[in-house]
Amino acid sequence: MNKKKTSKKVASKAAQTLSDPNASKIKKSLAASAMAQADKSKQTGKDMEQKASAVLQSDKYSDETKEFAASVLSQSNKDR
């Protein structure tokens, strides 16, 4: 079990993103995952790990989207 959790700064940005009608689907998905992990008992699922990894490897996403992706990946299952 991963004991990391989303920082308050990232969780705040994620909350703003979720209420932004112009935010992309992938950005909202990563933001929702980051928000869910503000509680230590949650960790990233396999599908979300793959999405987050793809975002980090691409040049087409914003720095904030990549920040959510990095947060989500840092809370992934290390045994996977």
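1. Ala-70 lies in helix H4, where a helix is a DSSP run of H or I of at least four residues, numbered from the N terminus. With a relative accessibility of 37%, Ala-70 counts as partly exposed, the class in between buried, under 20% relative accessible area, and exposed, over 50% (1.4 Å probe, protein chains only). Its C-alpha atom is separated by 12 Å from that of Lys-5, although Ala-70 and Lys-5 are 65 residues apart along the chain.

2. A word on the basis of this note: the model is predicted, local features need pLDDT of at least 70, side-chain atom pairs count only at pLDDT 80 or more, and totals for chains, interfaces and linings use all residues. Residues are numbered from 1 along each chain as its sequence is written, and side-chain values use heavy atoms, with hydrogens and water left out.

3. Helix H1 spans residues 8–18, and its buried residues are Val-10, Ala-11, Ala-14 and Thr-17. These residues cover an arc of only 120 degrees around the axis, which puts them on the same side of H1; the arc is that of the directions from the helix axis to the C-beta atoms. The face of H1 turned away from this buried side carries the exposed residues Lys-8, Lys-9 and Gln-16. Among what covers the buried residues of H1 are helix H2 (25–36) and helix H4 (63–74).

4. The largest nonpolar core has 12 residues, namely Val-10, Ala-14, Ile-26, Leu-30, Ala-31, Ala-34, Met-48, Ala-52, Val-55, Phe-68, Ala-69 and Val-72. At least two residues of this core come from each of H1, H2, helix H3 (46–57) and H4, and the largest share, 4 residues, is supplied by H2. A nonpolar core is here a set of buried Ala, Val, Leu, Ile, Met, Phe, Trp, Tyr and Cys residues joined through side-chain atoms within 4.5 Å. In soluble globular proteins, nonpolar side chains tend to be buried together.

5. H1 and H2 pack at an angle of about 135 degrees, with their axes 9 Å apart; axes are lines fitted to C-alpha atoms, for helices over the stretch in contact, and angles run from 0 to 180 degrees between N-to-C directions. H1 and H2 are therefore oblique to each other, since angles under 35 degrees count as roughly parallel, over 145 as roughly antiparallel, 65 to 115 as roughly perpendicular and the rest as oblique. The crossing of H1 and H2 is left-handed, a term used if the near helix is turned anticlockwise from the far one by less than a right angle, with right-handed used if clockwise. On the H1 side the contact is made by Val-10, Ala-11, Ala-14, Ala-15, Thr-17 and Leu-18, and on the H2 side by Lys-27, Lys-28, Ala-31, Ala-32, Ala-34 and Met-35.

6. For H1 and H4 the packing angle is about 125 degrees and the axes are 11 Å apart, so H1 and H4 are oblique to each other, and H1 passes H4 in a left-handed crossing. H1 contributes Lys-9, Val-10, Lys-13, Ala-14 and Thr-17 to the contact, and H4 contributes Glu-64, Glu-67, Phe-68 and Ser-71.

7. Lys-13, found in helix H1, counts as partly exposed at 23% relative accessibility. Leaving aside its neighbours within four places in sequence, Lys-13 is in contact with Glu-64, Glu-67 and Phe-68.

8. H2 and H4 pack at an angle of about 40 degrees, with their axes 9 Å apart, and H2 and H4 are therefore oblique to each other; H2 passes H4 in a left-handed crossing. Here Lys-27, Leu-30, Ala-31, Ser-33 and Ala-34 in H2 meet Glu-64, Thr-65, Phe-68, Ala-69, Ser-71 and Val-72 in H4.

9. Thr-65, placed in helix H4, is buried, with a relative accessible area of 3%. Not counting residues up to four places away in sequence, Thr-65 touches Lys-27, Leu-30 and Val-55.

10. Lys-46 has its place in helix H3 and, at 52% relative accessibility, counts as exposed. Lys-46 and Ser-19 are 27 residues apart in sequence and 25 Å apart in space, C-alpha to C-alpha.

Conventions:
Contact means heavy atoms within 4.5 Å.
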